[in-house]
Amino acid sequence: MNRSYAATQKACYLACATQAIIVNLAPVLFLTLQSAYSISFEQLGRLVLINFVTQIIMDLCAHPLILRFGYRANMVLAHALGVTGLVLFAFAPQLFPTAPYAGFVAATIFYSLGGGLLEVMTSPIVDALPSDAKDAAMSLLHSFYCWGQLAVILITTLLIRFIGSAAWPGIVLCWAILPLFNAFNFARVPMVMPPVERERSREGRGAWLKSPVFFIALATMVASGAAEQVMAQWASSFAEKGLGLPKLWGDLAGPCSFALMMAIGRMLYGIFGARIPLKPTLFACGLLGLACYLTAAFCAQPALALIACALCGISVSLMWPGTLSSTSARFPGAGSLFFALMAVAGDIGCSLGPWLSGLTTDLVIAHATPQRLAQLGLSAEQLGLKAGMLAGAFFSLLLLAGLALSLRSERRQAALKK
């Protein structure tokens, strides 16, 4: 990496950490908000759905914004939106005293707009920096999302444990400092991006839009986002209410271990990725993810279920960056529209997965009979949260199907060229 762009790379790492705050802070507070404001599991899942649907909308709007205003201005705007949303989230009960949930929804929309912009722009900025190992650089970049996720879960959980759940608004305000700092970073770091005219010209050709490999990659991105976020968003509630652990130990053993394993997986691939074939590794990750979700759903031993939650982090570590990197390598120079559409697909999965998991949980709780619960030795919430994990298993299967179709399509195209 050229030393003159080291500050740019570091700012991109912090942008990924900001995304982690935007996506993962609210779920750590789910049970706190549920008990304080009488919010249902479906409403909590709906916040995740709103988060990612808003990011999808911004993903679609990002391309013309980038062409009109450039990357620097939009990166500053993205961080500013993140700060605004987090501050509004902290003050939602005061600003919306009769309907705090409406305030949480409004705040989610604000910071999700910033998250959508960051998602579209961070990867192409890093991709444009001088480097001989693009796959490894992309995986290393996305590992900082995981380290940010781990920090958000661990620090927030410890603060709630030692200063009390009533202090959650102050904790949210503290997390707003990072995007505020990074907004000033992007106002001054050097940027290396292709001129707008060249980007328009390349994307005008749009050959990748006609390739079946691209559309299979979109489906794989949907599965990748869903498989990652089902566990990321619900591991805390699953460990605490589904497995009966205290919140502190539930968060440490559930979402923290998941985030740690995901970070380690991405960092290891960032270091050793040049020696490891990507497609077979992705397929192995899909199989591991399927096994982990099924274990979490059906295993009666809490310790094994928690191990499955942790190992799920390894399984999803390469799904998103690996699919993105392998597809962008197949269509070099596709530009920001390509990254925007891939981000849209990923966010569709990120929104559908946790919401479907929350909906499944509520439906199972509503229809669980005392006789069935007695047979299983579970409470209604435990059964519901375990059933919700099956959504992750479904999307792991979809990922495996997408990878198989992608390999088949690539082999067919290679045979036609011969």
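On the α1 side, the contact is made by Ala 11, Cys 12, Leu 14, Ala 15, Ala 17, Thr 18 and Ile 21. Helix α7 answers with Leu 178, Pro 179, Phe 181, Asn 182, Asn 185 and Phe 186. Sort the residues of this contact by class and you get 10 nonpolar, 3 polar and no charged ones.

Now step back for a moment. What you're looking at is a predicted model, and its chain has 17 helices and 0 strands. Of the 418 residues in the chain, 57% count as buried. The chain still exposes about 16,500 Å², with carbon and sulfur atoms supplying 69% of that area. Then there's the question of how far apart in sequence the touching residues are. Take the contacts in the chain with a separation of 6 or more: residues 24 or more positions apart account for 85% of them.

With that in mind, here's a second pair to look at. Helix α9 (residues 212–242) packs against helix α16 (residues 380–388) at an angle of about 160°, and their axes are 10 Å apart. That angle makes α9 roughly antiparallel to α16. The crossing of these two helices is left-handed. From α9, the residues making the contact are Val 230, Trp 234, Ser 237, Phe 238, Lys 241 and Gly 242. From α16, they are Glu 381, Gln 382, Leu 385, Lys 386 and Gly 388. By class, this contact has 4 nonpolar, 4 polar and 3 charged residues, while the contact of α1 with α7 has no charged residues.

Finally, let's zoom in on a single residue. Ser 396 sits in helix α17, which covers residues 390–417. Is Ser 396 buried or exposed? Its relative accessibility is 0%, so Ser 396 counts as buried. And what does Ser 396 touch, leaving out residues up to four places away in sequence? The list is Ala 227, Gly 286, Gly 289, Leu 290 and Tyr 293.

Conventions. Residues are numbered from 1 along each chain as its sequence is written. This is a predicted model: local features need pLDDT of at least 70, side-chain atom pairs count only at pLDDT 80 or more; totals for chains, interfaces and linings use all residues. Side-chain values use heavy atoms; hydrogens and water are left out. Axes are lines fitted to C-alpha atoms, for helices over the stretch in contact, and angles run from 0 to 180 degrees between N-to-C directions. Helices (H or I, at least four residues) and strands (E, at least two) are DSSP runs, numbered from the N terminus. Angles under 35 degrees count as roughly parallel, over 145 as roughly antiparallel, 65 to 115 as roughly perpendicular and the rest as oblique. A crossing is left-handed if the near helix is turned anticlockwise from the far one by less than a right angle, and right-handed if clockwise. Contact means heavy atoms within 4.5 Å. Ala, Val, Leu, Ile, Met, Phe, Trp, Tyr, Cys and Pro count as nonpolar, Asp, Glu, Lys and Arg as charged, and the others, Gly among them, as polar. Buried means under 20% relative accessible area, exposed over 50%, partly exposed in between (1.4 Å probe, protein chains only). Accessible areas come from the Shrake-Rupley method with a 1.4 Å probe; for residues, only the protein chains shown count as cover.
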